[in-house]
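Hi,

Here is the structure I promised to pass on. Have a look at it first, and my notes follow below.

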Amino acid sequence: MTAATPVWYVGNRNPSITETITVGGVPFDLTGSSVRFKMRDPRSNTLKVDALAAIVSAPAGTVRYDWAAADVDTAGLFDVWWEVTTGGKTQDLMEAVIELRLHAPGSLDLTTLAEVKAHLEIDNDE
């Protein structure tokens, strides 16, 4: 993952998250390997995402994870990492942080003060 914190917006499943798996700065050949994408709230041990990633180019070490709707339904900072399995041995790569951000403050409000006042037939400010 890159040094800057990548940002996706809640509900947006595009773009997919991509990475080039490297060892010592050199792309790792993923031929015969499988790769999983993992994501969790940093305050929890429960994984929000634990899913098989697509190997885009095995020789180039390029992988991609296509977001599911449930993956991007909650705003916040999340730890993410790739887990590579080769020859029956698993290696987790270093965690990185991504942010899922709301587009606008208050966009999750279920109602507004004006709507409540109208429903209760309140026509003053007291």
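Where is the place of Glu 121? Glu 121 sits in the segment after helix H1 (113-119). Helices (H or I, at least four residues) and strands (E, at least two) are DSSP runs, numbered from the N terminus. Glu 121 has a positive phi of about 60° although it is not a glycine. With 71% relative accessibility, Glu 121 counts as exposed; the scale calls a residue buried under 20% relative accessible area, exposed over 50% and partly exposed in between (1.4 Å probe, protein chains only).

Before going on, the ground rules. This is a predicted model, where local features need pLDDT of at least 70 and side-chain atom pairs count only at pLDDT 80 or more, while totals for chains, interfaces and linings use all residues. Residues are numbered from 1 along each chain as its sequence is written, and side-chain values use heavy atoms, with hydrogens and water left out.

Another backbone item: the peptide bond from Asn 14 to Pro 15 is cis, with omega near 10°. You will find Pro 15 in the loop between E1 and strand E2 (17-20).

Now the aromatics. Rings of Phe, Tyr and Trp (its six-membered ring) pair if their centres lie within 6.5 Å; planes under 30 degrees apart count as stacked, over 60 as edge-to-face and the rest as tilted. By this rule the model has five aromatic pairs. One of them is Trp 8 with Trp 67: the ring centres are 5.3 Å apart and the planes are at 70°, so the pair is edge-to-face. It joins distant parts of the chain, since Trp 8 is in strand E1 (residues 7-9) and Trp 67 is in the loop between strand E8 (62-65) and strand E9 (76-86), 59 residues apart. Trp 8 is buried at a relative accessible area of 9%, and Trp 67 is buried at 2%.

Phe 37 and Tyr 65 form a stacked pair, 4.9 Å centre to centre with 15° between the planes. This pair also links distant parts of the chain: Phe 37 belongs to strand E5 (residues 33-40) and Tyr 65 to strand E8, 28 residues apart. Both residues, Phe 37 and Tyr 65, are buried. One aromatic cluster takes in Trp 8, Phe 37, Tyr 65, Trp 67 and Trp 82.

That leads to the core. A nonpolar core here is a set of buried Ala, Val, Leu, Ile, Met, Phe, Trp, Tyr and Cys residues joined through side-chain atoms within 4.5 Å. The largest one has 22 residues, and those with the most contacts inside it are Ile 17, Phe 37, Met 39, Tyr 65, Trp 67, Trp 82 and Ile 98. E5, strand E6 (47-52), E8, E9 and strand E11 (96-101) are the elements that give two or more residues to this core. E9 gives the most, with four residues. Tyr 65, leaving aside its neighbours within four places in sequence, has contacts (heavy atoms within 4.5 Å) that include Ser 16, Ile 17, Val 49 and Asp 71.

On to charges. How many salt bridges does the structure hold? It holds nine, each being a side-chain nitrogen of Lys or Arg within 4 Å of a carboxyl oxygen of Asp or Glu. Arg 40 and Asp 79 form one of them (3.5 Å, N to O), with Arg 40 in strand E5 and Asp 79 in strand E9, 39 residues apart. Arg 40 and Asp 79 are both buried.

The side chains of Asp 73 and Lys 48 also meet in a salt bridge, at 2.7 Å, N to O. Asp 73 is in the loop between E8 and E9 and Lys 48 is in strand E6, 25 residues apart. Asp 73 is partly exposed at 44%, as is Lys 48 at 28%. Arg 36, Lys 38, Asp 50 and Glu 83 are linked in a salt-bridge network.

Last, a sheet. Three strands make an open sheet in the order E2-E8-E7, with antiparallel pairing; two strands pair if DSSP finds at least two bridges between them. The edge strands are E2 and strand E7 (54-57), each pairing on one side only. E2 and E8 pair over four bridges, and Glu 19 has Val 63 in E8 as its bridge partner.

Cheers
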